[in-house]
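Take a look at the model below. Start at the ligand, then follow the strands.

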Amino acid sequence: MFDANLKVWHNGKIISWNDATLHIASHVVHYGSSIFEGIRAYAMPDGPAIFRLQDHLERFYTSAKIYGMEIPFSQDDIRKGCFELLRENHQKSAYIRPVAFRGLGKLGIDPTSCPVDVSILTWNWGAYLGEDTLKDGADVCISSWRRMAPDTFPAMAKAGGHYTNAQLIKTEAKMNGYHEGIALDVMGFVSEGPGMNVFVVYQDTLLTPPLSAAVLPGIRRDSILKLAEKLRIPTRVENLSREIFYAAKEAFLTGTAAEITPIRSVDRKPVGDGKPGPITRKLQNTFSDILHGKTPDSWGWLEKATSLEEALA
Ligand SMILES: Cc1ncc(COP(=O)(O)O)c(C=O)c1O
């Protein structure tokens, strides 16, 4: 996954992998005070294209705003940093991880005396749940852990501390022999996986939970909703109860790391006939064709370096 030859963008400078360290007394280590993004760049004939970079940057700054973190760099600086780092790391495609975190200051719960540091990492990250799951589907369970109640943690923020809950969902699922877990929200409606949104196909309609079900506003989720509309697949965003998975013909997970991963079983019950269904396949294939330049990108999702400065940075 990682390679010590990789470079890191840190507070506006390119530094070596081994220099990218932080002090153990940094606020983030103790209190999880970070916000971050997960973005993918895809290889195009004329250089890497970053999928919906602008939307990822907007979510990054929204997460920071929710937590009252002032990022000491402009969106344009981070945008250029992403392209610069891809170039420094000689990567035509990569997973890109910008992270802003509270560094070294006073060590108490109040984060405001601690500086906000910003780093970007890039690395090669293949199929998140394994190549096999992209093809054959993943076995998932409904987690015994719930997603946050709306007045506890802000689900719209992609914040480091939230992923302690995600780790509980993930490790429980793994321990019980599943690829992944899906958590319900505090009301008992379907929410999402620890790092991905969820869709089902029920009575020929594509369904996904609303943001109010403690769902991170996934950029793939939004892209699937747009793609489905274009492909004239009927779609609804509504609260779903757990048994929808047992009644559905198809289900899949979406996320930058997970891409579109079919779900073949939930709680050991097959979804439909236990094989990825035609709507899942159609969305997977159309999406992949856009990402690999085989189908025109009519939304302008694939962002290239816009200036010579970015390209050569
Ligand atoms: C908790 C959670 N939900 C959903 C997603 C999917 O979001 P996206 O499609 O923007 O990667 C992610 C990944 O970022 C996530 O961490």
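The ligand is surrounded by 14 residues, and the closest are Leu216, Gly218, Ile219, Arg220 and Thr256. A residue is near a molecule if its C-beta atom, placed from the backbone, lies within 6 Å of it. This is a predicted model: local features need pLDDT of at least 70, side-chain atom pairs count only at pLDDT 80 or more, and totals for chains, interfaces and linings use all residues. Residues are numbered from 1 along each chain as its sequence is written.

What is the shell made of? Three of its residues are nonpolar, seven polar and four charged. Here Ala, Val, Leu, Ile, Met, Phe, Trp, Tyr, Cys and Pro count as nonpolar, Asp, Glu, Lys and Arg as charged, and the others, Gly among them, as polar. Helix H6 (219-230) and strand S14 (250-255) each supply at least two shell residues. H6 gives the most, with three. Helices (H or I, at least four residues) and strands (E, at least two) are DSSP runs, numbered from the N terminus.

Now turn to the strands. S11 (residues 197-202) and S12 (residues 205-208) pair in the antiparallel sense over three bridges; pairing requires that DSSP finds at least two bridges between two strands. Tyr202 has Thr205 in S12 as its bridge partner. Two residues lie between the strands of this hairpin, and Gln203 takes a positive phi near 50°.

S12 also runs parallel to S13 (residues 235-237), joined by three bridges. Thr208 has Val237 in S13 as its bridge partner. From S12 the chain crosses through H6 to S13, in a right-handed β-α-β crossover. Right-handed means that, with the strands pointing away from the viewer, the path from the first strand over the helix to the second runs clockwise.
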